[in-house]
Amino acid sequence: MDPLEVARWQFGITTVYHFLMVPLTIGLGIVLVAMQTAWHRTGKEQYLRMTKFWGKIFMINFIMGVATGLVQEFQFGMAWSEYSRFVGDVFGAPLAMEALIAFFLESVFIGIWLFGWGRVRPGIHLAVLWLAVLGSVISAYFILAANAFMQHPVGVELVNGRAQMVDFWAVMTNPTLLIHFPHTIFGALAVAGSMLLGIAWYHLWKRRKDGIDTVDAEGYVIVGSTGSKARDEIDYRGWRTSFRWGGWIAIVAFLGTAFTGHTQAQMMIEQQPLKMASAEAACHDGTGFSVLSVASRDGGGATTCDDVVGVFEIPGLLSFLAHNDFETPVEGVNSLIPKYEEAFGTHLPDDPRYGERAGSEIDYLPVMEVTYWGFRLMITFGGVAALAAAIGLWIGRKGTVPYDKTLMNLAWLSILAPFAANSTGWIFTEMGRQPFTVVPNLNGVDQVWQFTAAAVSPGVSGEEILFSLIALTLIYALLLVVEVVLLVRYTKGGHPAGMPDLLADEQRDDDDRDKPSTDVLSFAY
Amino acid sequence: MEFLPTLWFILIAVLWIGYLILDGFDLGVGMLMKGWAKNESQRRVLLNSIGPVWDGNEVWLVTAAGATFAAFPHWYASLFAGLYIPLTFALLALILRAVSIEYRGKSHSQTARNLWDWCMAGGSFVAAFSIGAMLALTSTGLPLDSYGDRVGGPFAWFNGWAVLGGLAVVGVSLAMGWAFLSLKTLGAPREAGNRHLRRYLPLYLLPAALWSIGVIVSYPKVVSWGMLAMAVGGMLIAWVASRQRREGLTFVGMVIFVALGVGAIFTSLFPNVLPSTLDEAYNLTVTTASSSDYTLSIMAVVTAIFFPLVLAYSAWSYWTFRRRLDDQHIPESAVVTPV
């Protein structure tokens with residue numbers, strides 16, 4: 001069994017899975033900070049209910065990010081030991097600093113925040129959440145610094161066949177990182193925005209369905225109350241605020257990802273031209289952006305450049321995207337590959353440590369179907385989420401959502417779109433850097449690059465990796481079901497899911513209410 | 001002897017000591033969720049005694065692994081690839097354990113809670129055992145070739161040291177867990193903790209002592225023997241203190257035992273970081289396995305700034321949640337129902 005292929009599948013599955021949780025942690029964390037800050041400043045109860053409800057949703061997801069993050073750190077050594085040896089000097093540093101500077105901050109302060117209600121002063125409690133979320137944002141910066149190095153190595157030189165760091169500042173201000181980071185944070189906010197919008201939509205819809213809220217002749221909301229604290233006017237105001245926040249966050253986040261994504265694409269044409277060319281299915285040099293290309297059936301299944309047929313091209317658009325003008329041609333696959341072959345060789349070194357692949361021919365073209373569709377699906381899913389947000393804000397402008405089951409179902413679906421955009425985006429960018437783990441600088445400066453075939457652990461068998469791949473995938477699949485079940489349950493529970501006292505107060509007898517509450521724990525697992 | 005690699009060797013030893021003390025008691029308490037607790041209220045007392053701090057404690061493991069990657073990439077690569085199978089079990093265990101802590105209280109049925117308890121207890125046990133095996137093998141060696149790659153197949157690492165190390169960390173974790181519970185709770189867990197330590201403490205710590213002795217016999221150093229003697233002194237302090245129900249002192253004695261016991265192993269091992277059982281010439285040492293001085297010095301500066309901060313705010317979190325827990329402090333669990 002080929003360790004390389006199994007290890008690649010494992011890396012892809014565990015990374016994409018981990019990155020389902022991470023954007024929600026970062027995005028929802030930032031939103032949570034805003035909610036608790038609003039509560040602290042205004043004292044309005046709707047903000048407290050929002051903080052508590054979204055805090056529960058946050059924690060259900062947070063823990064999965066923590067649990068799956070460990071796999072990421074360990075598998076560099078386990079499955080990719082040659083990679084770890086080659087770049088450890090420069091790649092390990094941001095990882096270690098991520099743990100020391102970001103993870104401690106995040107984990108220690110999340111613990112204090114979760115158990116600290118009523119135990120620490122409100123101002124301190126708010127500061128604690130700020131610090132925890134700051135930790136998650138810093139951690140994104142460090143891990144993207146590590147990834148940006150793989151996409152565009154800087155601050156290193158080749159010493160004794162290994163990458164050696166010579167300029168830490170360059171690694172931490174890698175231009176690729178500086179544009180990756182805002183793109184990722186906006187991507188995280190898009191996830192949080194759609195989540196807020198979709199779930200708040202459900203509760204506004206449910207209030208309509210249950211006849212609590214009604215509309216007047218012009219369609220404006222008449223807020224009702226069931227007399228229970230769980231579904232009073234403050235409950236309405238909480239969902240209304242989450243709904244509006246979510247819509248605007250999603251739209252701003254989409255614009256942010258689009259703008260940073262455009263800058264990123266331009267940078268990629270300089271740094272990784274083959275990735276962009278294969279994302280465009282651009283075989284020949286040209287200026288047109290192919291909206292849709294297909295592989296001709298003559299190719300016999302395998303898609304190579306020879307049988308790609310452009311179906312619909314917009315003249316000049318590709319040049320505009322790449323260079324901000326309509327004339328400068330962008331190099332296609334057919335002219336790029338010879339350049340790569342000349343610079344980095346046509347065959348892998350004939351070294352026994354490359355296993356069966358020693359001396360075999362190098363295919364510089366990433367899997368075109370994946371990059372092509374990854375790129376398009378990322379943009380499409382992002383756009384769908386933004387469109388759903390805009391529609392939501394429009395039809396919710398009069399204070400409630402229409403009592404319409406179809407729209408409600410679309411709102412549910414729109415929650416998934418930014419997750420899909422994030423996943424396809426990562427698949428695109430990581431598959432697009434193949435056949436390299438560390439992509440070379442085309443001008444040849446630094447001489448630091450590594451083929452994926454040379455990165456896998458030489459002493460580890462394919463069966464070992466297959467074992468962990470199957471075990472992890474099974475556990476991940478089970479836990480995804482558990483997480484979704486819990487998210488749905490807490491979503492349906494509404495504000496009382498985060499504040500059981502909203503209901504408990506009503507059920508308690510008057511005698512009980514006089515009992516002093518014990519203040520050792522205000523929250524317990 | 002080079003300064004920076006040596007400094008980083010010490011720092012990594014410190015990180016492992018911190019991990020074994022802090023997550024040690026978390027893992028121990030986790031095992032006791034099934035190993036001792038008899039009913040729902042006892043399980044919730046146990047779970048919530050570590051509730052606010054366990055996640056921060058586990059970051060010591062992440063940092064120890066990350067620091068090894070950054071400071072000694074060859075050590076990290078050879079050890080982690082060589083121990084592919086046990087580390088896979090460690091990961092699965094740590095995943096299930098982490099998730100069970102958060103999700104247990106969110107389950108409605110007793111069956112689900114019971115299942116999560118098994119994840120917690122089993123996960124804590126397997127994680128402690130696998131990490132113990134890994135630490136033991138890095139001190140006694142793996143069959144590594146001249147490149148630092150394991151030869152002999154997926155189970156070439158399996159030997160008595162792996163089992164002894166696994167038992168050692170399980171034993172230390174259980175003892176730390178009892179010591180923590182007697183310090184942190186009132187009533188039944190506190191009594192049980194004192195009782196267990198009073199009766200069995202040397203037995204819990206025996207595998208760790210044997211492991212330490214085994215390593216020092218292979219690489220004898222006076223300083224290591226001295227540290228081991230002081231570690232045994234720490235154990236005696238803990239043992240005597242547990243008989244007098246002086247729980248703070250018991251915990252301090254345990255900390256001394258772990259810190260100096262692990263310290264003895266690391267000083268004995270130095271300057272090796274991962275010996276090869278095939279040929280001494282293939283041993284990974286602090287100099288052959290380390291990163292460049294540039295990387296090591298940058299990381300030393302960052303550590304000098306942030307490590308004290310981490311210690312300060314971690315200490316604050318322990319101070320914030322310093323009160324002892326009892327059944328009556330645990331709020332009733334709320335059932336979430338659709339509005």
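Where pLDDT is low, the predicted coordinates should not be read in detail.

This is a predicted model, in which local features need pLDDT of at least 70 and side-chain atom pairs count only at pLDDT 80 or more, whereas totals for chains, interfaces and linings use all residues. Residues are numbered from 1 along each chain as its sequence is written, chains are lettered from A and ligands numbered from 1 in the order in which they are written, and side-chain values use heavy atoms, with hydrogens and water left out.

Next, show the aromatic side chains. Rings of Phe, Tyr and Trp (its six-membered ring) pair if their centres lie within 6.5 Å, with planes under 30 degrees apart counted as stacked, over 60 as edge-to-face and the rest as tilted; over all chains the structure holds 53 such pairs. Select A:F76 and A:F91, an edge-to-face pair with 5.1 Å centre to centre and 70° between the planes. A:F76 belongs to helix α2 (residues 45-79) of chain A and A:F91 to helix α3 (residues 81-116) of chain A, 15 residues apart, helices being DSSP runs of H or I with at least four residues, numbered from the N terminus.

Continue to A:F115 and A:F523, which are edge-to-face at 5.0 Å centre to centre with 85° between the planes. Because A:F115 lies in helix α3 of chain A and A:F523 in the segment after α16 (510-514) of chain A, the pair ties together parts that are 408 residues apart in sequence. A:F115 counts as buried at 0% relative accessibility and A:F523 counts as buried at 13%, where buried means under 20% relative accessible area, exposed over 50% and partly exposed in between (1.4 Å probe, protein chains only).

In chain B, residues of α3(B), including B:F69, meet residues of α4(B), among them B:Y76 and B:F80.

Terms used
Helix = DSSP H or I, 4+ residues; strand = E, 2+ residues; numbered from the N terminus. Contact = heavy atoms within 4.5 Å.
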